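The sequence and the structure are shown first, and the description follows.

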Amino acid sequence: MGKIQVDVLGTSFTIQANEDETYLKRLLDYYRQITKTVQQNGILKDSLQVSILAGITLIDELYKEKENKASFKKTLTEKSNAEIETEKITL
């Protein structure tokens, strides 16, 4: 179980999770990168708004990855089914 101190956007707290501290640190570092990018765009100044937009950005990444994975699995299944049908025909 890992424990990490979070200091982001002027807020500080400690979290504990069923992951090791190295993994939690990588997550926090990535989140900081996203929030920094949002802040550098200069559109939002409020920390809560920056945090929300960073969360939406991360959800967008996750959702697109899930769609890509589902599409890849579908392609593999279709290819496998086509190969099976081809084998049946040649037998």
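In which helix does Leu53 lie? Leu53 belongs to helix H2, which covers residues 47-90. Helices (H or I, at least four residues) and strands (E, at least two) are DSSP runs, numbered from the N terminus.

The model is predicted, and local features need pLDDT of at least 70, side-chain atom pairs count only at pLDDT 80 or more, while totals for chains, interfaces and linings use all residues. Residues are numbered from 1 along each chain as its sequence is written, and side-chain values use heavy atoms, with hydrogens and water left out.

**Overall arrangement**

The chain contains 2 helices and 2 strands, arranged along the sequence as β-β-α-α. Of its 91 residues, 12% count as buried; buried means under 20% relative accessible area, exposed over 50%, and partly exposed in between (1.4 Å probe, protein chains only). Among contacts with a separation of 6 or more, 25% join residues 24 or more positions apart, a contact being heavy atoms within 4.5 Å. The chain exposes about 7,500 Å², of which carbon and sulfur atoms supply 56%; accessible areas come from the Shrake-Rupley method with a 1.4 Å probe, and for residues only the protein chains shown count as cover.

**The hairpin and the core**

Strand E1 (residues 2-8) and strand E2 (residues 11-17) pair in the antiparallel sense over 7 bridges; pairing requires that DSSP finds at least two bridges between two strands. The hairpin of E1 and E2 has 2 residues between the strands, and Leu9 takes a positive phi near 55° there. Val6 stands opposite Phe13 in E2. Leaving out residues up to four places away in sequence, Val6 touches Thr11, Ser12, Phe13, Ile15 and Leu28.

Val6 is also one of the 5 residues of the largest nonpolar core, together with Ile4, Val8, Leu24 and Leu28. The elements giving two or more residues to this core are E1 and H1, and E1 supplies the largest share, 3 residues. A nonpolar core is a set of buried Ala, Val, Leu, Ile, Met, Phe, Trp, Tyr and Cys residues joined through side-chain atoms within 4.5 Å.

**The helices**

Thr35 is placed in helix H1 (residues 21-40) and counts as buried, at 4% relative accessibility. Neighbours within four places in sequence aside, Thr35 is in contact with Val8, Leu9, Val50 and Ala54.

Leu48, Ile52, Leu53 and Ile56 make a nonpolar surface patch of about 370 Å². Patches are made of residues with over 30% relative accessible area and no salt bridge: like charges are joined within 9 Å, nonpolar side chains (Val, Leu, Ile, Met, Phe, Trp, Tyr) within 5 Å.

**Salt bridges**

The whole structure holds 3 salt bridges, each defined as a side-chain nitrogen of Lys or Arg within 4 Å of a carboxyl oxygen of Asp or Glu.

| Salt bridge | N to O distance |
|---|---|
| Lys25 and Asp29 | 3.0 Å |
| Arg32 and Asp29 | 3.7 Å |
| Lys64 and Asp60 | 3.2 Å |

Lys25, Asp29 and Arg32 are linked in a network of salt bridges. Asp29 and Lys25 lie 4 residues apart in helix H1, about one turn of the helix, and Arg32 and Asp29 are 3 residues apart in helix H1. Lys64 and Asp60 both lie in helix H2, 4 residues apart. Lys64 is partly exposed at 45% relative accessible area, and Asp60 is partly exposed at 35% relative accessibility.
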